[in-house]
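Q: I've got a model open and want a quick walk through it. Can you take me through the main parts?

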Amino acid sequence: MTPLLEARSLSAGYGRRPVVKDVSLALHAGRTLALVGPNAAGKTTLLHALAGALPAQEGEVLLSGEAVERLGAKERARRLALVPQSARHDVDFTVRELVALGRTPHAGPWGMETAADREAIERAVVAADLSHVRDRPFSALSGGERQRTLFARALAQGSPVLLLDEPTAHLDLGHQLLMLDLVAAHASSGGAALVVLHDLALAARLDEVAVLAGGSIAARGAPGEVLTAALLKEVWGVEGTLEQGGPGPALRLAGRVARAEGEA
Amino acid sequence: MTRRTACIAALLFCACRRDSGSPGETRLGPPPHGPVTRLVTLAPSLTELAIVLGAGDRVVGVTRFDDAPAVSGAVRVGGYSDPSPETIIRLAPDLVVCQPSPGNRGAVQLVADAGIPVQVLPLSTLADVLAAVHALGKLLGREDAARALIDDIAAARTRAREAAARRGTAVGAVLLVGVEPLVAAGPGSFGAELLADAGARNVIEPSAAPFPRLSPEHLMALDPRVVLMAPSPDRTLAGLPLQIRPRAVLLRSQGLARPGPGIVEALRELTEILDAVAARRETPP
Amino acid sequence: MTALRLVRALGVLAVVLAAALALAVALGSEPLDVAAALRGVHPDAFILASRAARTALAAIVGAALGISGAALQALVENPLADPFVLGLSGGAAIGATAAIAAGLGAMGLFGGSLVGLLALAGALAAALLVFSLGRVHGRLVPERLLLVGVVFNAFASSFILAVQSVAAPDRLQSLLSWMLGSIGYPSPAALAAGAGAVLAAAALLTWRAPWLNALCLGETEAHSLGVNPDRARATVFAACAVLVAAATSLAGVIGFAGLIVPHLVRLAFGSDHRVLVPGSALGGAAFLALADLGARLFFRAAHTEPPTGMITALVGAPLFLWLLVSRTRRSER
């Protein structure tokens, strides 16, 4: 089956030196993939390159088997939505207006809302638990509400592929899990999601985990198989283990590994 | 865009000077039909001309800057660059006279389009003044008065030149039309013409602009024997360097600032001052 | 944004505009018998016609300023932007200054004044310059655009001051009058050309209003929504350059209108650019027509007509401050 999103030997960066080197990965329908890695590994860069916001220096990105460059911008937006880490705080739109903007790739010549648009917007607002703040301006929301609004917009966009950059960053525990549930629900209805996460315990709740270190994929697979003690030591420089079982995955950390001189 | 330039303009505008650059008198709109009994003037210099030609009682509209008692009853129609066409049209004048200016062009054109005769009379140079007197005299049916005024002006100029010849020396002078900043009457300006007639040596360089701005140092370097200050609402010596102040003379007559019939009086005053300066021995400081 | 909401909002603004235009034509520095004017009585008919032309000019310039203000606030992602922030007023001012100082002010060409035409040329030249300097790696960057525009305006200021220092007094007066912006009595040719340019650019911006919504969210977000941020910015910039060039060539630099009107429309109808953009055109037209009426009514008391730019500043500044305060209060709630 054709993967919804595929990268083949993708290299991308700003300027001449690539930040992301020779990355290949595929994301199939119904799957969620967590992208983890230390700071400055290139996770955001990879996300932007997969979304086509950053041109590929080498290799290519395919959406449902078609190269991203060859798709028009609107068609690309109908297949893939990127939710960045944060949004500008002085945006003056209300929550509903912002979520409605997610329908832009589907807009007709005059940009007026259709019944289908209204339905998609409603569903997204309800799913992201934003009904009680739908008419509040974005600048007046809490951090968590803002995050959920951005996600709702991506949901309203109706694209099967979702790329999310740290969507749980400002959320309380309950809403962190709500976000992951939303991601899972999206996948089970036929979509796919690639989620950049810092929290390894959260990452372990997704179907698969890919580890990005130094611009390349160090490992990929089921969370239990990938996030071994050896990998934690090598990539993050910490002594610890990931424990599955019980109510959910948990990370147990002993401490930092003593490094040789000159390393962080 | 800065707004403080408005202050510069306000001060400079005290001099009410017009620079040449217009192609000469022009007429806009239809020619006057019949005698002119209702006249609108769009500059105090033109009002003055009309009054001297004996037509002051025919003036029904003036600018808000007009302060001549003869036209105290006339309607105020605006300023130099903002005359109100509607007000002028409502007055139903037989003739409108104005000076050419980019500011009033639109309004004046509109008045002409409404079917009102407009005569454009520049007053930047002496030649302009004489031409304007002649033209206005003809339009108002006061050719005799006009000729008399032209003769008066010519006589005044002759007197001034004769006095200059008797004086012998050409006194170095500068005519300041603005004080903060210092603005002088340079070559080609109306004031410079009068200075020449009166036999003064205009210390401003021949290559300068018609209204050059001077720094106090520059003024000192030019070393005029007399500094003539054109009349203005706020007469002050504050902008002048201390050493120059004893040489300053505040002029009484409007004629140097307002081209028109005041030339006669202005030349007389100039001659007086220059004679006095030439006669005075240079006292050591 | 449903079609119904849009039509309702624009309908309200159209009514406001119609009322403003009616007032601006009926009132002025002199009383006018409108009934007599419509019957063709002279000079009332003439006064009515010239007032109508003048009010039409105010409406066109106001629409241009309003809509370009709204668009530029989205382009540079700054609600404090006004149409002149990108160096466009500096360019126009340089053109006009050169024309007035050289004594070309009294000459006309194709029914429009040379001053206006040179101001137009200056604004367009400035737009090209700012556009090319405002790009990094071939893409328009808002912060860079703003910086270049501000610096260019400062340069233009000093150039104009230098020219003013050697200008003859009456030309100086005209120059200042132009810089403060004033609505005069336009020739039909100038009016038609202005209306055509403004209408075309306004239509383009209204059609592309969804792009402006997307740009407001940020570059990555816009891209994610299928909008090419670079193309969107270039289009908006070009349309605004045309609008501002037309406005300044017709009426000089009228401040505050382009800043205030989008905020007023936002207060009433929200930030969605599909309403904000055409709404700012209608609102701007009404605003400037009324400001011009204010200038003309002022004449009755003071026998002088202040430049329209002065009225917009006098009204606009307190209005803007009030808006700022009420916005802060709203977000605190």
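A: Here is a short tour, chain by chain.

A: This is a predicted model, so to speak of local features needs pLDDT of at least 70, side-chain atom pairs count only at pLDDT 80 or more, and totals for chains, interfaces and linings use all residues. Residues are numbered from 1 along each chain as its sequence is written, while chains are lettered from A and ligands numbered from 1 in the order in which they are written.

Q: How many helices and strands does chain A have?
A: Nine helices and twelve strands. Both are DSSP runs numbered from the N terminus: helices are H or I with at least four residues, strands are E with at least two.

Q: How does the radius of gyration of chain A sit against the globule rule?
A: The radius is 19 Å, close to the 18 Å that the rule gives for 264 residues, so chain A is as compact as a globular protein of that length. The radius is taken over C-alpha atoms, and the rule is 2.2 Å times the number of residues to the power 0.38. The C-alpha trace of chain A spans about 60 × 40 × 35 Å along its principal axes.

Q: What share of chain A is buried?
A: Buried residues make up 45% of the 264. Buried means 20 or more other C-beta atoms within 10 Å of the residue's own, exposed means 12 or fewer, and partly exposed lies in between, with C-beta atoms placed from the backbone.

Q: And what about contacts in chain A?
A: Among contacts between residues at least 6 apart in sequence, 66% join residues at least 24 apart. A contact means C-beta atoms, placed from the backbone, within 7 Å.

Q: Sheets next. What is the strand order in the six-stranded one of chain A?
A: The order is 6-7-8-3-9-10, in an open sheet with mixed pairing. Strands pair if DSSP finds at least two bridges between them. Strand 6 (80-83) and strand 10 (216-221) of chain A are the edges, each with a single partner strand, so one side of each has no neighbour in the sheet. The twist averages 15° from one strand to the next.

Q: In which sense do strands 3 and 8 of chain A pair?
A: Parallel, over four bridges, with strand 3 at residues 32-36 and strand 8 at residues 192-196. Thr32(A) has Ala193(A) as its bridge partner in strand 8.

Q: Which strands does helix 6 of chain A lie across?
A: Helix 6 (residues 173-188) lies across strand 3, strand 7 (161-165) and strand 8 of chain A, at about 150° to strand 8. Axes are lines fitted to C-alpha atoms, for helices over the stretch in contact, and angles run from 0 to 180 degrees between N-to-C directions.

Q: What about the sheet of four strands in chain A?
A: That open sheet runs 2-1-4-5, with antiparallel pairing. Strand 4 (residues 58-63) and strand 5 of chain A are joined by two bridges. Leu63(A) has Glu66(A) as its bridge partner in strand 5.

Q: Last one: how many residues make the contact of chain C with chain A?
A: The contact takes 24 residues from chain C and 25 residues from chain A. Helix 9 of chain C gives the most to chain C's side, with six residues.

Note on methods
Two residues are in contact if their C-beta atoms, placed from the backbone, lie within 7 Å.
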